[in-house]
Each structure stands twice: as structure tokens, then as C-alpha cells.
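Biologist: I am new to this one. Please show me the structure, and then let us talk through how the pieces pack.

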Amino acid sequence: MKPRVTAIVLAAGKGSRMGHMTPKQYLPLMGKPMLFYSLNAFAESEADAIVVVTGKGEEEFCRTQIIERYGIRKIECIIAGGTERYDSVYQGLLAAKGADYVLIHDGARPLVSVEIINKAIKKVQELNACIVGMPVKDTIQLAAEDASIAETPPRSMLWVAQTPQCFSYSLVKSSYKKAQEANDTSLTDDAMVVRKYSNASVYLIEGSYHNIKVTTPEDTTIAEALLKGQ
Ligand code: CTP
Ligand code: MG
């Protein structure tokens, strides 16, 4: 039987670094809300279902203004997230009923493509745990407290982590459950959670340098330029 692949798209953040009243995932990019683009990519991909995690009280807005307005298919449910990203992911995992594999994606990455998603779906079935990323182009310096350089890690070994981050459902669910029970607040991405709370290897697969996260206002300009080029 074909395994069920569920995308969990995270849109429960406040976008504080964006400095706007409206959370960034609802701000317009080329005339459409940012969240539209990643939801649309998952709907057009080989994923079977999409769980959307929004801020508490934003569920109806998201349903009427994005999902119904643009006719986005495959939406399984819209649920409220939590205070931190990992809380939102955990709520998404609880809602992803019957999933064999999950793809966890930041709604703030509107440039994810159908090609990246389909590659990730294929790879996670081989590897069990893999995240999309890209080799870094800049030299990265590890700073000491006084901002002197403590270490220069070899660039050839460094990648930036992006999303989707993809796992077998049982692996990521049990890892997140342990992290929740431990009240672990040090976790910034899903690969960290799975590596810390399981013995599984998590593999890096190449995505695209276009798959940026919109974090600060200048990223909006870059994202619009990239969307125009598509
Ligand atoms: N996210 C979430 N729930 C949270 C925090 C973040 O679902 N409690 C989501 C965001 O909506 C975003 C993704 O996780 O799609 C990556 O987070 P980030 O870029 O940090 O977004 P925000 O937390 O909204 O921004 P900021 O940190 O500037 O407030
Ligand atoms: Mg954040």
C-alpha cells in the first residue's frame, strides 16, 4: 500500500523580527499572502494531506482568506499552534492522523518548489529522516563571548538547514514526545529534536538557494524578486 505523506505547514509565529502588526505569513507577496505559496506547492506535490498550524484565533481567517479564496486542495485540518515552534510542530504531529511520513515546513518559506517537495518525499522513504538544506557559500566563524573568532569550521562541511524536514511519523512523533516530557527548550529545528531524542541518523538533501526564509523586511524584497523569476 502506498504510504501516506502529510505536510505540516507552520504558520503560528508572530513574525516579531519583521516588525509588522500582522504576522508575516499573512503579509502580501506579489499580491497574495505569503502562506499561499507554500500551501499551493504542497497541494500540487505528491503529498497526500496538509495540516496547517496557525496562531490561536487565526484559523477562520486562514480558511476563508487563503484556503477557500485560492481553492487550495488537500487541507486535512487547520489547528492552533503553541508558544514556540516546537509546540506548534507537536500540535501538528498530533493532528497528522494516519501519516506514515511527515514533511514539516515553515510557512515563512514561500519559495519551496514542487520539485523540492517531491524529491524530499522520495528521499524520506529511503532514508527515514532527512532535511532539505544547502551547502553554505560564505565562510562561517564561530564567535567567542568577546566577538573574537574562536574557531573557523571547514566550509566544505557546513550546510544551512531549510525546510521541509522529513521523517517517518513514528520516529519524529516519539522524539517530540520525549522532548516535550523533558521540557526541552533548546530545540530550534526538527532535525535537532530527532537527533537528540533518538538514535536515528538525519541526512541532508540538497534543496535550492531560492528556498529562503522570510525573516526581516529585506527578505520580502528578495522573495518577491525570486517569485517574479519563477
Ligand atoms: N512558528 C510556529 N509557531 C511558533 C513559532 C514559529 O508555527 N510558536 C513558525 C513560523 O510561523 C514560521 C516558522 O515557524 O513559519 C519559522 O519561524 P520564524 O521564522 O522564527 O517565524 P516567527 O517566529 O513568526 O518570527 P520571529 O521569530 O521573528 O517572531
Ligand atoms: Mg521565531
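Biologist: Which elements do the buried residues of helix 3 pack against?

Modeller: Buried means under 20% relative accessible area, with exposed over 50% and partly exposed in between (1.4 Å probe, protein chains only). Contact means heavy atoms within 4.5 Å. Helices (H or I, at least four residues) and strands (E, at least two) are DSSP runs, numbered from the N terminus. The buried residues of helix 3 pack against strand 1 (5-11), strand 4 (49-54), strand 5 (75-80), strand 6 (101-106), helix 5 and helix 6 (190-197).

Biologist: What should I know about the model itself?

Modeller: This is a predicted model, where local features need pLDDT of at least 70, side-chain atom pairs count only at pLDDT 80 or more, and totals for chains, interfaces and linings use all residues. Residues are numbered from 1 along each chain as its sequence is written, and side-chain values use heavy atoms, leaving out hydrogens and water.

Biologist: How many of the 11 residues of helix 3 are buried?

Modeller: Among the buried ones are Y86, D87 and L93. Helix 3 is largely enclosed by the rest of the structure, because the buried residues number eight of the 11.

Biologist: At what angle do helix 3 and helix 5 cross?

Modeller: Axes are lines fitted to C-alpha atoms, for helices over the stretch in contact, and angles run from 0 to 180 degrees between N-to-C directions. Helix 3 (residues 85-95) and helix 5 (residues 169-181) have axes that come within 10 Å. Residues in the contact include Y90 of helix 3 and Y176 of helix 5. The crossing angle is roughly 135°.

Biologist: Which residues of helix 2 does helix 1 meet?

Modeller: Helix 1 (residues 34-44) and helix 2 (residues 59-68) pack at about 65°, with axes 10 Å apart. That makes the pair roughly perpendicular (65 to 115 degrees; under 35 is roughly parallel, over 145 roughly antiparallel, the rest oblique). From helix 1 come L35, F36 and L39. They meet C62, I66 and I67.

Terms used
Chains are lettered from A and ligands numbered from 1 in the order in which they are written.
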